[in-house]
Amino acid sequence: MYISHIQRGNLQRAIYVVAGLLIALLAIGCAISQDDANTVRVIRVVDGDTLEVNLQGTKEKVRLIGVDTPETVHPTIGEEPYGREASNFTKEKLTGQKVVLEFDVEERDRYGRLLAYVWLDGEMFNEVLLSEGYAQIATYPPNVRYVERFQAAQQEAREAERGLWGIIEEEPVTAQGERLESSNWLGNANTKKFHYPDCQHGQRTKSHNQVWFDFRQEALDAGYEPCGVCKP
Ligand SMILES: [Zn+2]
């Protein structure tokens with residue numbers, strides 16, 4: 001069979017196109033199966049930041065990257081404030097769910113646990129824990145892919161005094177009379193709450209958010225609500 005120069009050129013182009021398509025299909029296929037490989041079922045929630053999952057028939061422990069929830073089951077520390085709430089939140093949200101694991105630089109920690117970002121319905125659960133105030137940032141390089149996102153989420157939770165940011169240690173009891181003589185009240189321009197100056201809750205107000213009032217009524221008139229803890 002005689003193939004002209006022009007026809008041969010066309011044939012070559014056709015072969016390239018077909019080869020290109022095949023490679024693309026193969027790549028898509030790999031990407032899909034990769035995704036499937038990282039989709040796991042949560043068998044059990046151990047702690048606010050630790051899960052047990054079924055990864056292709058193998059039971060694996062997963063530690064969420066970049067976050068730290070207060071301890072509930074630590075052998076020496078025991079139970080920390082807000083640990084139970086964090087653990088319950090993760091249990092409620094993730095137990096039995098299908099989630100996608102995303103890995104960073106290191107796949108496992110020194111205890112052999114998988115280190116992952118856990119995606120549930122397009123939301124990253126690590127970030128949710130921070131923005132709801134159930135966890136604090138814990139950065140261990142080189143696994144730092146979402147550090148900036150995490151910082152923003154934590155900052156927001158902290159300013160809104162969500163979750164663990166809203167709890168304080170028991171204050172020493174102060175006589176009510178002594179308090180009423182207090183000459184001023186501290187407002188938080190961000191939360192729109194006001195406090196007695198000795199409230200530990202109020203003392204965490206960043207300096208650029210601090211507003212001082214000479215009279216209680218002044219704070220109320222300015223639209224500030226009394227703190228639920230120190231009850232000014
Ligand atoms: Zn207060």
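Predicted model: local features only at pLDDT ≥ 70, side-chain atom pairs only at ≥ 80, totals over all residues.
## Helix α2

Helix α2 (83-94) has 12 residues. From first C-alpha to last, α2 reaches 16 Å. That is close to the 16 Å expected at 1.5 Å a residue.

Which residues of α2 are buried? They are Gly83, Ala86, Ser87, Phe89 and Thr90. Seen down the axis of α2, the buried residues fall within an arc of 160°, so they line one face of the helix. An α-helix has 3.6 residues a turn, so residues three or four places apart point the same way. The buried residues of α2 pack against strand β1 (39-47).

## Either side of α2

Tyrosine 82 lies in the loop between β4 (67-68) and α2. Its phi is positive, about 75°, although tyrosine 82 is not a glycine. Most residues other than glycine have a negative phi. Is tyrosine 82 buried or exposed? Tyrosine 82 has 21 other C-beta atoms within 10 Å. The cut-off for a buried residue is 20 or more, so tyrosine 82 counts as buried.

Glycine 96 follows α2. Phi is positive here too, near 80°.

## The loops around α4

Helix α4 spans residues 147-159. The loop between β8 (136-137) and α4 holds proline 142. The peptide bond from proline 141 to proline 142 is cis. Its omega is near 10°. Most peptide bonds are trans.

Glutamate 161 lies in the loop between α4 and α5 (176-180). What is the phi of glutamate 161? It is near 55°, a positive value in a residue other than glycine. Glutamate 161 is buried, with 21 other C-beta atoms within 10 Å.

## The four-stranded sheet

Four strands form an open sheet. Their order is β11-β9-β10-β12, and the pairing is mixed. Which strands lie at the edges? They are β11 (210-213) and β12 (225-226). Each of these pairs on one side only.

Strand β10 covers residues 193-195. Strands β10 and β12 pair in the parallel sense, over two bridges. Lysine 193 stands opposite glutamate 225 in β12.

## Summary

Tyrosine 82 and glutamate 161 have positive phi values without being glycine. Tyrosine 82 is buried, and glutamate 161 is buried. The bond from proline 141 to proline 142 is cis.

Note on methods
Residues numbered from 1 in each chain as written. Pairing = 2+ DSSP bridges. Buried ≥ 20, exposed ≤ 12 C-beta atoms within 10 Å, placed from the backbone. Expected span 1.5 Å × (residues − 1). Arc of directions from axis to C-beta. Contact = placed C-beta atoms within 7 Å.
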